Amino acid sequence: MNLEKADHDNGVVLRVEDIHKTYGKNEILKGVSFHIKKGETIVIIGASGSGKSTLLRCINQLTIPEKGRIWLEGEEVTHHMKEISHFRQRIGMVFQDFNLFDHLCAVRNVEIGLIKVKKMDKKQAREIAMEELRRVGLERQANQYPAQLSGGQKQRVSIARALAMNPTVMLFDEPTSALDPELIGEVLEVMRDLAMGGMTMVVVTHEMGFARSVANEIIFIEGGKILDQGTPHKLFTNPEHERTRQFICKIDELYGKTEK
Ligand SMILES: Nc1ncnc2c1ncn2[C@@H]1O[C@H](COP(=O)(O)OP(=O)(O)O)[C@@H](O)[C@H]1O
Ligand SMILES: [Mg+2]
């Protein structure tokens, strides 16, 4: 049975195989492979500069890896002849710094992809956008501009914008790192609800409380490779490498006190 068919049959949504990425002389990713099944959440941890963002960027082809292959629902993302939007529409991305359009109010930020990319009519796009804002608890802020929203609200708009496109998988790149501590909880709660609702998610975060309670699997990246991976229980209690234990112990020190 070929991989495409096998992935389809086994519910594998995203498969990353042997990804290599070099910037200049620096080999950032030295062969990273993992896969995620429908409805699962994978949390990726690793020191700053270890290539976590690069890996997420390779998945939606914002960065092109020199080597390695990526499949989305059994369809190859790398080395394809299709328009890249064919894949990007199905990969929701949430960035650390929100990436909202400052000149558009919340609901316009959420609906714009539906209108411009999916060519949806304005009325239907507005309905979906309002529904997604409701889902993240921001219906009342629909007409406010990013400058009028708190960091936590901005990040929830950004999540609603990604969800509006009805993605197959959501990628989060340190979604709470730019937030004041008191605003982290509201964003994690939205993400937790999403995971519980069956969304497939890859989350780069050092919020260990979230990882412990939500992740099906934690991946620890070091030196451009996956050093350790497994259930939260395994990584917290019985990691393969001493380095993993040291890193997890130092997370609070490195990234500030995180939610437990
Ligand atoms: N566009 C780029 N050009 C050159 N170097 C880059 C680029 N993007 C990232 N890097 C380098 O790659 C390494 C990994 O970066 P990144 O993936 O952002 O790490 P992380 O997200 O784990 O902090 C860093 O040393 C960074 O400086
Ligand atoms: Mg990063």
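Which residues have the most contacts inside the largest nonpolar core? The legends below take up this question first and then turn to other close-up views of the model, which is predicted.

**Figure 1. The largest nonpolar core and the surroundings of isoleucine 159.** In this predicted model, the largest nonpolar core has 53 residues, and those with the most contacts inside it are Leu133, Ile159, Met170, Phe172, Met191 and Met201. Helix 7 (residues 181-196) gives the most to this core, contributing eight residues. When its neighbours within four places in sequence are left aside, isoleucine 159 is in contact with Val94, Val136, Met170, Phe172, Val187, Val190, Met191 and Leu194. In soluble globular proteins, nonpolar side chains tend to be buried together.

**Figure 2. Strand 7 and its parallel partners.** Strand 7 (residues 169-173) pairs in the parallel sense with strand 8 over four bridges, and strand 6 (residues 91-94) likewise pairs with strand 7 in the parallel sense over four bridges.

**Figure 3. Strand 8 and the pairing of valine 203.** Strand 3 (residues 41-45) and strand 8 run parallel and are joined by four bridges, with valine 203 in strand 8 as the bridge partner of valine 43. Valine 203 also stands opposite phenylalanine 172. Within strand 8 (residues 201-204), Met201 and Val203 point one way and Val202 and Val204 the other way, and all are buried.

Figure 4. Four strands form an open sheet in the order 2-1-4-5, and their pairing is antiparallel. Strand 2 (26-37) and strand 5 (75-76) stand at the edges and each has a single partner strand, so one side of each is left without a neighbour in the sheet. Strand 1 (residues 12-23) and strand 4 (residues 67-72) pair in the antiparallel sense over five bridges, and the bridge partner of valine 16 in strand 4 is isoleucine 70.

Figure 5. The structure holds one aromatic pair, formed by phenylalanine 220 and phenylalanine 247, which are stacked at 4.9 Å centre to centre with 25° between the planes. Because phenylalanine 220 lies in strand 9 (residues 217-222) and phenylalanine 247 in helix 10 (residues 242-255), the pair ties together parts that are 27 residues apart in sequence. Phenylalanine 220 is buried, with a relative accessible area of 1%, and phenylalanine 247 also counts as buried, at 4% relative accessibility. In another ring interaction, arginine 212 lies over the face of phenylalanine 236, at 4.1 Å from the ring centre.

**Figure 6. Arginine 140 in its loop.** Arginine 140 is placed in the loop between helix 5 (122-135) and helix 6 (151-164). With a relative accessibility of 76%, arginine 140 counts as exposed, because the cut-off for that class is over 50%. The C-alpha atoms of arginine 140 and valine 13 are separated by 34 Å, and these two residues are 127 residues apart along the chain.

Methods:
Residues are numbered from 1 along each chain as its sequence is written. Chains are lettered from A and ligands numbered from 1 in the order in which they are written. This is a predicted model: local features need pLDDT of at least 70, side-chain atom pairs count only at pLDDT 80 or more; totals for chains, interfaces and linings use all residues. Side-chain values use heavy atoms; hydrogens and water are left out. Rings of Phe, Tyr and Trp (its six-membered ring) pair if their centres lie within 6.5 Å; planes under 30 degrees apart count as stacked, over 60 as edge-to-face and the rest as tilted. Helices (H or I, at least four residues) and strands (E, at least two) are DSSP runs, numbered from the N terminus. Buried means under 20% relative accessible area, exposed over 50%, partly exposed in between (1.4 Å probe, protein chains only). A charge sits over a ring if NZ of Lys or CZ of Arg is within 6 Å of the ring centre and within 35 degrees of the ring normal. A nonpolar core is a set of buried Ala, Val, Leu, Ile, Met, Phe, Trp, Tyr and Cys residues joined through side-chain atoms within 4.5 Å. Contact means heavy atoms within 4.5 Å. Two strands pair if DSSP finds at least two bridges between them.
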